[in-house]
Amino acid sequence: MQPNTMASIGTLSKASGNGACRLRAWQTSEVRARRSSLKRIYAQRRWPSGFLPSVDREQHPVYMERPDGAHIKELLSQFGVDALFRWHIYCLERQRQAVRRMGSDRISIIVDAGKLTMGLLTNSQAIAFMKKITANDESVYPEGLRHMFVINAPRVVTMGWKMISPWLDPRVREKIHIWGPDFLPHLRGYIAPEQLPAELGGTSPHPIAWLRGVPGQDDALVGGRR
């Protein structure tokens with residue numbers, strides 16, 4: 001299976017009849033205005049995200065993102081926790097729709113955490129945002145995530161994990177794997193080398209399909225199949 005590409009933040013939700021209703025509810029003039037403002041920031045400082053042209057060993061699509069700590073703090077400072085939380089939900093719902101078109105109901109996610117900084121742990125908005133999306137995603141979207149692989153994890157991630165992990169259900173904690181720069185031998189246990197692009201130490205000739213659009217924008221969600 002060759003996954004489509006789309007822009008999105010975070011994990012996928014399980015199939016839910018309430019999803020479409022939530023999505024329609026958030027497409028109000030206020031949310032569209034906030035989305036337009038976010039579009040200007042993303043145009044200046046993109047949050048690299050996209051699908052690998054591959055699947056994991058269980059045949060689930062593989063998504064990857066490279067968040068930047070400074071970028072996260074800027075978004076929170078300008079728009080606030082609640083606005084970013086609504087944006088997060090909008091993106092998850094659109095991502096879920098697109099992945100279902102791929103014929104899958106789960107996804108594995110690789111997060112390259114190399115650009116996350118210690119400042120996130122001392123930022124009250126960042127902590128509040130993490131708590132809010134963690135509680136929501138665990139209760140509403142628990143089954144859409146197969147695995148999350150956090151690679152190149154700096155000290156801030158391991159410290160943050162100690163803070164966040166007690167909030168999570170044990171079944172969710174088991175899906176999350178955190179590794180430093182020596183991630184490759186571990187990652188290959190879940191994703192075959194021929195499915196990984198060269199920049200992740202694999203042998204696939206296909207690069208990561210980094211998206212240039214804005215997460216959540218309708219015209220950037222789903223690309224053509226390879």
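**Entry 1: the hairpin**

I started with strand S1 (residues 49-55): seven of its seven residues are buried, so S1 is largely enclosed by the rest of the structure. For the record, buried means under 20% relative accessible area, exposed over 50%, and partly exposed in between, with a 1.4 Å probe and protein chains only. Strands (E, at least two residues) and helices (H or I, at least four) are DSSP runs, numbered from the N terminus.

Ground rules before going on: this is a predicted model, where local features need pLDDT of at least 70 and side-chain atom pairs count only at pLDDT 80 or more, while totals for chains, interfaces and linings use all residues. Residues are numbered from 1 along each chain as its sequence is written, and side-chain values use heavy atoms, with hydrogens and water left out.

Next I looked up the partner of S1. S1 runs antiparallel to strand S2 (residues 61-65), joined by four bridges; two strands pair if DSSP finds at least two bridges between them. Ser 49 has Glu 65 in S2 as its bridge partner.

The hairpin of S1 and S2 has five residues between the strands, and Gln 59 there takes a positive phi near 70°. That is a positive value in a residue other than glycine. Gln 59 is partly exposed, at a relative accessible area of 47%.

**Entry 2: the whole chain**

I then stepped back for an overview. The chain has seven helices and five strands, in the order α-α-β-β-α-β-α-β-α-α-β-α along the sequence. Of its 226 residues, 52% count as buried.

**Entry 3: the parallel strands**

Which strands pair with S4? S3 and S4 run parallel, joined by six bridges, and S4 also pairs with S5 in the parallel sense, over three bridges. S4 is mostly covered, with six of its seven residues buried.

Phe 149 kept turning up here. In S4, Phe 149 is the bridge partner of Ile 110, and Phe 149 also stands opposite His 177 in S5. At 0% relative accessibility, Phe 149 counts as buried.

I checked the loop between S4 and H5 too, where Asn 152 lies. Phi of Asn 152 is near 55°, again positive in a residue other than glycine. Asn 152 counts as partly exposed, at 25% relative accessibility.

**Entry 4: the cores**

I looked for nonpolar cores, meaning sets of buried Ala, Val, Leu, Ile, Met, Phe, Trp, Tyr and Cys residues joined through side-chain atoms within 4.5 Å. The largest has 34 residues, and among those with the most contacts inside it are Leu 76, Ile 109, Met 148 and Val 157. Helix H3 (69-101), strand S3 (107-112), helix H4 (124-140), strand S4 (145-151) and helix H5 (155-164) each supply at least two residues. H3 gives the most, with eleven. A second, separate core of 14 residues includes Met 64, Ile 110, Ile 151 and Trp 179.

**Entry 5: the rings**

How many aromatic pairs are there? I count rings of Phe, Tyr and Trp (its six-membered ring) as paired if their centres lie within 6.5 Å, with planes under 30 degrees apart stacked, over 60 edge-to-face and the rest tilted. By this rule the count is three.

The rings of Phe 149 and Trp 179 have centres 5.7 Å apart and planes at 15°, so this pair is stacked. The pair links distant parts of the chain, 30 residues apart, with Trp 179 in the loop between strand S5 (176-178) and helix H7 (184-187). Trp 179 is buried too, with a relative accessible area of 13%. Ring pairs link Phe 149, Trp 179 and Tyr 190 into a cluster.

**Entry 6: helix H4**

Last stop was H4. It has 17 residues and reaches 24 Å from its first C-alpha to its last, close to the 24 Å expected, where the expected span is 1.5 Å times one less than the number of residues. Its buried residues include Ala 126, Phe 129, Ile 133 and Asp 137.

Asn 123 caps the N-terminal end of H4, with a side-chain oxygen 3.0 Å from the backbone nitrogen of Gln 125.

Note on methods
A polar contact is a pair of N or O atoms within 3.5 Å; within protein, one must be able to donate a hydrogen and the other to accept it, and residues adjacent in sequence count only if both atoms are side-chain atoms.
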